[in-house]
Amino acid sequence: MSIFLKRFIDIILSFLGLIILGPLFLIISILIKIDSEGPVFVKLKRVSQGKEFDFIKFRSMIKDAHLEKGQLMAFNNRQGTPFFKMKNDPRITKVGRFLRRYFLDELPSLINVLKGDISLVGPRPH
């Protein structure tokens with residue numbers, strides 16, 4: 001498949017996805033705001049195709065969760081790697097737990113697809 005055709009499909013499908021999922025985005029945004037203080041979206045630094053970009057997700061943790069990460073490093077399930085993963089992370093909100101279980105926190109990445117940061121098909125940034 002040509003790069004042009006792949007990009008064209010990414011644009012069309014991500015745009016349609018954002019329109020169709022708009023009401024769901026609104027509901028999730030309201031639930032996040034009711035459940036905890038802080039922004040609805042979180043931007044995480046990622047690298048794709050050799051360039052850094054802000055990966056957009058629905059916020060599933062408490063506001064400023066990164067400030068508490070140092071205190072929790074002893075509970076990291078991925079010791080010896082640059083990644084942090086913890087079972088039953090206390091920083092995850094009630095709504096965030098639901099969003100993560102059904103991968104709904106990832107839906108805003110359609111914005112990244114529309115912007116051209118990532119593609120619908122292909123490897124995903126860690």
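How do the residues of the lining of the largest pocket divide into nonpolar, polar and charged? I opened the predicted model with that in mind.

**Entry 1: the pocket**

The lining divides into 16 nonpolar, four polar and 19 charged residues. In total, 39 residues line the pocket. I noted those that lie nearest its centre: Leu44, Arg46, Lys57, Met61 and Arg100. The volume of this pocket is about 1400 Å³. I then asked which elements give two or more residues to the lining. They are strand 1 (41-48), strand 2 (51-58) and helix 4. Strand 1 has the largest share, with six residues.

**Entry 2: the chain overall**

I stepped back to the fold. I find five helices and two strands in the chain. Along the sequence the order reads α-α-β-β-α-α-α. The C-alpha trace spans about 45 × 35 × 20 Å along its principal axes. The chain has 126 residues, and 33% of them count as buried. I also looked at sequence separation in the contacts. Taking contacts between residues at least 6 apart in sequence, I see that 56% join residues at least 24 apart.

**Entry 3: the nonpolar core**

Which residues make up the largest nonpolar core? I list nine: Phe25, Ile28, Ile32, Val40, Phe58, Val95, Leu99, Leu104 and Leu107. Helix 2 (22-35) and helix 4 each supply at least two residues of this core. Helix 2 gives the most, with three residues. As background, nonpolar side chains in soluble globular proteins tend to be buried together.

Setting aside neighbours within four places in sequence, I find Leu99 in contact with Ile28, Ile32, Phe58, Arg59, Leu104 and Asp105.

**Entry 4: Arg91**

Where does Arg91 lie? I place Arg91 in the loop between helix 3 (69-72) and helix 4 (94-101). Is Arg91 buried or exposed? Its relative accessible area is 4%, under the 20% cut-off, so I record Arg91 as buried.

I checked its partners next. The side chains of Arg91 and Asp89 are joined by a polar contact of 2.6 Å. Beyond four places in sequence, I find Arg91 in contact with Ser60, Met61, Ile62, Ala65, His66, Glu68, Lys69, Leu72 and Phe84. Met61, one of these contacts of Arg91, is also among the residues that lie nearest the centre of the largest pocket.

Methods. Residues are numbered from 1 along each chain as its sequence is written. This is a predicted model: local features need pLDDT of at least 70, side-chain atom pairs count only at pLDDT 80 or more; totals for chains, interfaces and linings use all residues. Side-chain values use heavy atoms; hydrogens and water are left out. Helices (H or I, at least four residues) and strands (E, at least two) are DSSP runs, numbered from the N terminus. Buried means under 20% relative accessible area, exposed over 50%, partly exposed in between (1.4 Å probe, protein chains only). A polar contact is a pair of N or O atoms within 3.5 Å; within protein, one must be able to donate a hydrogen and the other to accept it, and residues adjacent in sequence count only if both atoms are side-chain atoms. Contact means heavy atoms within 4.5 Å. On a 1 Å grid over the protein atoms alone, a cavity is a set of points where a 1.4 Å probe fits but cannot get out, and a pocket is an open set with protein on both sides within 12 Å along at least five of seven lines; lining residues have an atom within 4 Å of a point. Grid points are joined across faces, edges and corners, and a volume is the space filled by probe spheres set on the points. Ala, Val, Leu, Ile, Met, Phe, Trp, Tyr, Cys and Pro count as nonpolar, Asp, Glu, Lys and Arg as charged, and the others, Gly among them, as polar. A nonpolar core is a set of buried Ala, Val, Leu, Ile, Met, Phe, Trp, Tyr and Cys residues joined through side-chain atoms within 4.5 Å.
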